[in-house]
Amino acid sequence: MNTIDKYSEYVNTSMLAGIVPVVFDRGEGAVVFGEDGGKHIDCFAGISVTSVGHSNPEVIEAAKAQLDKYIHCCSYVYYSKPMADLAEKLAQITPGRLKKSFFANSGAEAMEGAMRMVKTYTGKRELIALQTSFHGRTYATLSITGNLARKKRAGPYMPGVSFAPAPYCYRCAFNLKPETCGMRCAEYVEDIIRFDTSGDVAAFIAEPVLGEGGIIPPPEPYFKKVKEILDRYNILLLIDEVQTGIARTGKMFAIEHYGVEPDVMAVAKGIANGFPLSAFIAPDEIADTFQPGEHLTTFGGNPVSCAASLATINFLERERIIDKVVEQEKWLKERLESIKKKYPIIGDVRGRGLMIGVELVKDSAKTPAAAEANAVRNSCLEKGLLIGVGGILTNVLRIQPPLVITDDQLDEAAAIIEKSLGEL
Ligand code: PLP
């Protein structure tokens, strides 16, 4: 049996839903080689994960060196230097007063722990999240996810969660224009607090760019306005940087674009370039709310993953990857906007850094072109390019390459996308 057949036979059907027929053999930077010898430019990075590139030699070297020493010690039973070093590094690079990290293995786990922490610290029990959001697939993280497609057939979910309208300007819940809306969606958070909750809200939870929802960057003043409201009601701001964190959006963390400091932040995906690792980080007084032993996980802060993470962050900093991402964002957006002029199926080009979404629509009424988005992805695949498709309406092309992608590779990727749109 080959790999694809073994998947059909032995792997849970849920993992086959959107699978792309490429059997990974090896990767190099922003290029993936398939088992069949096929070569693809990777513009999806394992869903925004391999930020410093496939087979990054520095990450491999750091991980190998740690592998040779020890793989596991249980980092809360014995002291582990890689985890301590990474915790120090995260305290240095995260915004504001964020300082103490709890390490786990996946984005959902980090968000679960962060939710527990904000409830424990505030003594309050309710949460507000965003419609169109995604925070993971455990019970609690699905409870704060604002997307029926992700939640179906498993409810009812955790009580005490209210949802605020997504700051999704292209499809504004209030049918307003960003230039004149007065940030209605941000102001509406106060209505939610007053009318939907019992006043017992621990935290407002948001992604600083809604990734799975369709690469939706909230407008510039959004988080400042929301934070003003939260401060008035003594509600914490819990920011989910699982997909946006670690240089993806042209800042180390996407919330830095908005000039507000989160009270708690979760990171995962790109933090260790593919090694399983996540963390949630808070200032002393919030982190110290946990009593010793109150929240633990066996594999959290795995030393190999932590060593890989440190190498990833050091590489990003030394190679000034953020500067490159900012330049490439500008170039790519201009290029996609020029393609948009030719192809009216492109309704919106948006995103930050190398986290760009291209929303496809059938007409001026913005009818989602989901089948077409899928067709473009398949056509790109045939031409040697991997992109994602997502969004709440499944009509958004997702361009999220390894951050080390070269200008030439990005140019080729844009040309393939243009050609695929032309063939539709
Ligand atoms: N939060 C956000 C913003 C995500 O995009 C994801 C995954 O896509 C998660 C949480 C869940 O992360 P994981 O799949 O590692 O549990």
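## Basis of the model

The structure is a predicted model, in which local features need pLDDT of at least 70 and side-chain atom pairs count only at pLDDT 80 or more, while totals for chains, interfaces and linings use all residues. Residues are numbered from 1 along each chain as its sequence is written, and side-chain values use heavy atoms, with hydrogens and water left out.

## Two domains

The protein is divided into domain 1 (3–55 + 320–423) and domain 2 (60–318); these bounds come from an automatic or database domain assignment. The C-alpha centres of the two domains lie 24 Å apart.

## The interface between the domains

Contact (heavy atoms within 4.5 Å) involves 41 residues of domain 1 and 37 residues of domain 2. The two domains bury about 3,100 Å² between them, with 57% of it on carbon and sulfur atoms. Buried area here is the accessible area (1.4 Å probe) that two parts lose on being put together, summed over both. Of the area that domain 1 buries against domain 2, Arg352, Met355 and Ile392 supply 26%, more than any other three residues.

On the side of domain 1 that touches domain 2, the elements giving two or more residues are α2 (45–48), α12 (321–342), β11 (346–352), β12 (355–360) and β15 (396–399). Helices (H or I, at least four residues) and strands (E, at least two) are DSSP runs, numbered from the N terminus. By class, that side of domain 1 has 20 nonpolar, 13 polar and eight charged residues. Ala, Val, Leu, Ile, Met, Phe, Trp, Tyr, Cys and Pro count as nonpolar, Asp, Glu, Lys and Arg as charged, and the others, Gly among them, as polar.

## Salt bridges

A salt bridge is a side-chain nitrogen of Lys or Arg within 4 Å of a carboxyl oxygen of Asp or Glu. The count comes to 26 salt bridges by this rule, and three are found across the interface of domain 1 and domain 2. Glu359 forms a salt bridge with Arg171, where the closest N and O atoms are 2.7 Å apart.

In another salt bridge, between Asp284 and Lys100, the closest N and O atoms are 3.3 Å apart. Asp284 lies in helix α10 (residues 284–287) and Lys100 in strand β4 (residues 100–104), so this pair ties together parts that are 184 residues apart in sequence.

## A four-stranded sheet

Four strands form an open sheet with mixed pairing, in the order β1-β2-β3-β13. Two strands pair if DSSP finds at least two bridges between them. β1 (24–28) and β13 (385–386) stand at the edges with a single partner strand each, so one side of each is left without a neighbour in the sheet.

β1 and β2 pair in the antiparallel sense over four bridges, and Arg26 has Phe33 in β2 as its bridge partner. These two strands form a hairpin with two residues between them, and Gly29 in the turn has a positive phi of about 60 degrees. Strand β2 (residues 31–34) also pairs with strand β3 (residues 39–42), in the antiparallel sense over three bridges; here the bridge partner of Phe33 is Lys39.

## Backbone features in loops

Gly155 and Pro156 are joined by a cis peptide bond, with omega about 0 degrees. Pro156 is found in the loop between α7 (148–151) and β6 (161–164). Ala247 is not a glycine, yet has a positive phi of about 80 degrees; this residue lies in the loop between β8 (236–240) and β9 (264–267).
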